Amino acid sequence: MRRFSFALIVLLCAAGTTGAQSAAPVDEHTETIKTLLARLEKVEKRLAELEARQPAAGAPAPAAEPFAGAQDKPGTQAAAVEKREPAGMTHAGMGQGAEPPPSTFPSLKLSGFADINFSATDEKNVNSGFNLGQFVLHAASPLSRKVSYFGEISFTATATGYNVDVERSIIRYDYNDHFKLSFGRYHTPVNYWNTAFHHGSWLQTTISRPEMIKFGGRLLPVHFIGLQAEGDIPSGGANLGYSFGVGNGRGSIISRGGDPGDVNNNRAWLVSLYSRPARLYGLQIGGSVYRDKITPGPGQRFNELISSAYLAWTRETPEILAEFANVHHSDVNTGRVFNTHAFYVQLAYRLPFTEKRWKPYYRFEYINRPTTEPVLGITGLLGSTAGMRYDISDYAALKAEYRNTKRGPGQPHINGLFLQTSFTF
Amino acid sequence: MTRTHKMRPAKASGTQTTRFSLALLCGILTAAFLAPLAAQTAKEGAVAIVVNANTPVSNLTLAEVRKIFRGEKQYWSTDLPVVLLVRAPVARERDIVLKVIYQMTEAQFRQYWIAKIFRAESVSAPKLVYSTDMANQLVSTLPGAISFIDARQIGSGLKVLRVDGKLPGETGYPLR
């Protein structure tokens, strides 16, 4: 044992000199590892250089200005300048290279959406042909670290020219994630589609909006003028959110909001709640209640209560959107009550081949309106839409869809073929 | 003879002990060299979530990381907005983050941010950074900044966040 201990101590103290035959492989390993590490380091350095050059090849154009935070760091700024693409306009939705320093507020960023359509149906007295869809400009501008402005203007072709409309004009103050207060003209958060896609045809899978929330429609109030508070509700994995709004409600033409003022001196209000469960990433479920008093004609007064619910699974494999709304009207003069309800279910699937550019879809929609309902002036609907979306690029799509609709008992089925190219710029 | 006979086994035993010691030494030295290498290998491929040192957070769940990188959580506190820095394409770290955090393709990621701004949910998209050095410098400089960096290339002055209680290199770390 003594001999063993002695030998071990000697060996540990003079490992390099004693037992040279045994130590030799260790030295060889060490050298090999060192050489490999040195080579790895070189390769990593080279890779980093190549990666730094990559954005010029295929990435969206970064901003022209350097980071505000980097301005006092010459090295950083130099790196940013060196690795930047040539200056140019960038889409507001793409990454920018700069947080505007306080002195540069406001910092306006513009983006746009447009679509061109072709339609052919077997409906009597309806012509087939091309039509220019909507040309939409969207502006977003931070006015300070906590105040932002958002605007949306649409240009829609009419028989005599173009109809220009301020679709949204919102100024928002962010206190924190739990409370954000805004004023302006909104798309009413009474429905998922209305606030998810707005006027961006390219954003929605299909060519058409569901009938229950179509622009110019009367079933649900598409626009809302007033104020809105929104934010997250501390709720752990449930990820709850809310919005609460007070505004003018429907105008005298009930398909329009009360932009110039409240027609009946009675504010509408709405509350909506939603959840994006952490465990079911991609799922959003929610519902809302909207209350108003409407005066569609002289002497006519109705209480309106709209309750709605939705489910949206947006992962695209599959994509599921489903919404339901009940529009309750009670005549203040007679006490009569009318309920109109509508729903749609839309399914789509992003196919895995050809770079995931194809997305077939199907939507079923239904509207049931009592024939004696005196306010809405709409027809019922039983409709199916089937189509295919092909993404030509990351920012443009081609869509083709077939629709079959029936407006009510005794009405004929109408078949239609619709084509669209929609894009953002 | 007897003495000689006794000496031979003792010599053989000494040789065996020496061999054993040498083998032990080799083992110790090899372990000494391989331990750092093993640690390096464990970090290899891992992407660290880093924040500015003054950010009041040190541990997030993957769901919380996802919420921040999706722009759903925009404030660390009332006075400290989240400044989201995302590596520009094409970078391995970006691929991992798109796959694990966003669970999106490059095209879906772009569409996601265009839609988010269009919905007035965010005023701008994440800021792009073009290299690890740039990410290191900006995160250490900008209050509220958060980004992701190759775990082997984390600069000084950054705080590395635990994700689901794990640091890069630890078993079960999700971003790799």
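## Stop one: a pair of helices

Start in chain B, where helix 3 goes past helix 4 in a left-handed crossing. Keep in mind as you look that this is a predicted model. Select residues 92–102 for helix 3 of chain B and 106–118 for helix 4 of chain B: their axes come within 10 Å and cross at roughly 70°. That angle is why helix 3 of chain B counts as roughly perpendicular to helix 4 of chain B.

Which residues make the contact? Show side chains for B:Arg94, B:Leu98 and B:Tyr102 on helix 3 of chain B, then B:Glu106, B:Phe109 and B:Trp113 on helix 4 of chain B. Sorted by class, this contact has 4 nonpolar residues, 2 charged ones and no polar ones.

## Stop two: a pocket in chain A

Next, select A:Ile207, A:Ser208, A:Arg209, A:Arg403 and A:Phe418, which lie nearest the centre of the second largest pocket, out of 41 lining residues. Strands giving two or more residues to that lining include strand 1 (109–121), strand 2 (129–142) and strand 16 (413–424) of chain A. The pocket holds about 1,100 Å³ of space. Colour its lining by class and you get 21 polar, 11 nonpolar and 9 charged residues.

## Stop three: one tyrosine

Finally, click on A:Tyr242, in strand 7 (residues 240–247) of chain A. Leaving aside neighbours within four places in sequence, A:Tyr242 has contacts that include A:His178, A:Phe179, A:Ile233 and A:Tyr274. For a sense of distance, jump to A:Ala159: 83 residues away along the chain, its C-alpha atom is 41 Å from that of A:Tyr242.

Terms used. Residues numbered from 1 in each chain as written. Chains lettered and ligands numbered in written order. Predicted model: local features only at pLDDT ≥ 70, side-chain atom pairs only at ≥ 80, totals over all residues. Heavy atoms only, no water. 1 Å grid on protein atoms, 1.4 Å probe; cavity = no way out; pocket = protein on both sides within 12 Å on 5 of 7 lines; lining within 4 Å. Points joined across faces, edges and corners; volume = space filled by probe spheres on them. Helix = DSSP H or I, 4+ residues; strand = E, 2+ residues; numbered from the N terminus. Nonpolar A, V, L, I, M, F, W, Y, C, P; charged D, E, K, R; others polar. Axes fitted to C-alpha atoms, helices over the stretch in contact; angles between N-to-C directions. Parallel < 35°, antiparallel > 145°, perpendicular 65-115°, else oblique. Left-handed = near helix turned anticlockwise from the far one by under 90°. Contact = heavy atoms within 4.5 Å.
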